[in-house]
Amino acid sequence: MTGPTDNGYCHCGDSPTSRQREFGEFAGSADERSAINVNVLRTGNGYEWHVDSNPLTGLLFVTDQPAEGGGELVFRADPVTSPGEDWELAVRPRAGELLLFDARRAAHAVMPVRGAADRVSVPMNFYYANAANGRPDCLDRYLYGE
C-alpha cells in the first residue's frame, strides 16, 4: 500500500500522494504482542468505548456475526478530538473483511456478543515509521503485563 489518495481512500499501486508525503510510511508496533494479535470474544463480552494511540488500525474479521448475534464494531465521533460532530456507524463482522481506520480520531466499541458463536478478529496496530511518538511504552505493559 503506498498511501491514501486525496479523497482519503487507500489504493495499492498508486504513486505517492500529498498525504503520503505529509504522513510518511507506517510500521507495526515494536511490541509483537500488540503489533498483531488474535482477539476472541465469547457470549456476553465486548469492549468499552475508547480511542487508541495509533494512527492506523487494521482489523480483519475472521468470523461472521449474524445480525442478532451482537459483536458489532461501532464508531462515533470522539468528543475530545471532534467536538460538535454527531455521527455513529455500526459494522457487523463479516469473515474476510478488512477495515482500516484512524483509531485516534474515531471512538469505537464492540457491542457485547449475544449469540453462541465466538467473535474472532485480528487487530493490527500501525504507527508512523518516521515519528518519535510511537506506541507509549507503558501501554503494552498495562495491557499484557511484563
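Two strands pair if DSSP finds at least two bridges between them. Helices (H or I, at least four residues) and strands (E, at least two) are themselves DSSP runs, numbered from the N terminus.

**View 1. Strands β5 and β8 run side by side in the antiparallel sense.** Here β5 covers residues 73–77 and β8 covers residues 106–110, and the two are joined over 5 bridges. Look for F75, which stands opposite H108 in β8. Before you move on, please keep in mind that this is a predicted model, in which local features need pLDDT of at least 70, side-chain atom pairs count only at pLDDT 80 or more, and totals for chains, interfaces and linings use all residues. Residues are numbered from 1 along each chain as its sequence is written, and side-chain values use heavy atoms, with hydrogens and water left out.

**View 2. An open sheet is built from 4 strands.** Their order is β3-β8-β5-β6, with antiparallel pairing. The edge positions go to β3 (47–50) and β6 (88–91); each has a single partner strand, so one side of each is left without a neighbour in the sheet. On average, neighbouring strands of this sheet are turned by 15° against each other, direction ignored. For such angles, axes are lines fitted to C-alpha atoms (for helices over the stretch in contact), and the angles run from 0 to 180 degrees between N-to-C directions.

View 3. F75 sits in strand β5 and F101 in strand β7 (residues 98–101), so the pair links distant parts of the chain, 26 residues apart. F75 is buried at 7% relative accessible area, and F101 also counts as buried, at 12%. Buried means under 20% relative accessible area, exposed over 50%, and partly exposed in between (1.4 Å probe, protein chains only).

**View 4. D102, R104 and R105 belong to one salt-bridge network.** A salt bridge is a side-chain nitrogen of Lys or Arg within 4 Å of a carboxyl oxygen of Asp or Glu. The side chains of D102 and R104 meet at 2.9 Å, N to O. R105 also forms a salt bridge with D102, and here the closest N and O atoms are 3.7 Å apart. D102 is partly exposed, at 24% relative accessible area; R104 is partly exposed at 25%, and R105 is partly exposed at 48%.

**View 5. A salt bridge joins D118 to R42.** The structure holds 4 salt bridges, and in this one the closest N and O atoms are 3.7 Å apart. The pair links distant parts of the chain, 76 residues apart: D118 lies in the loop between β8 and β9 (119–128), and R42 in the loop between β2 (39–41) and β3. D118 is partly exposed, with a relative accessible area of 27%.

**View 6. The protein chain as a whole holds 3 helices and 9 strands.** Along the sequence, the pattern reads α-β-α-β-β-β-β-β-β-β-β-α. Of its 146 residues, 37% count as buried.
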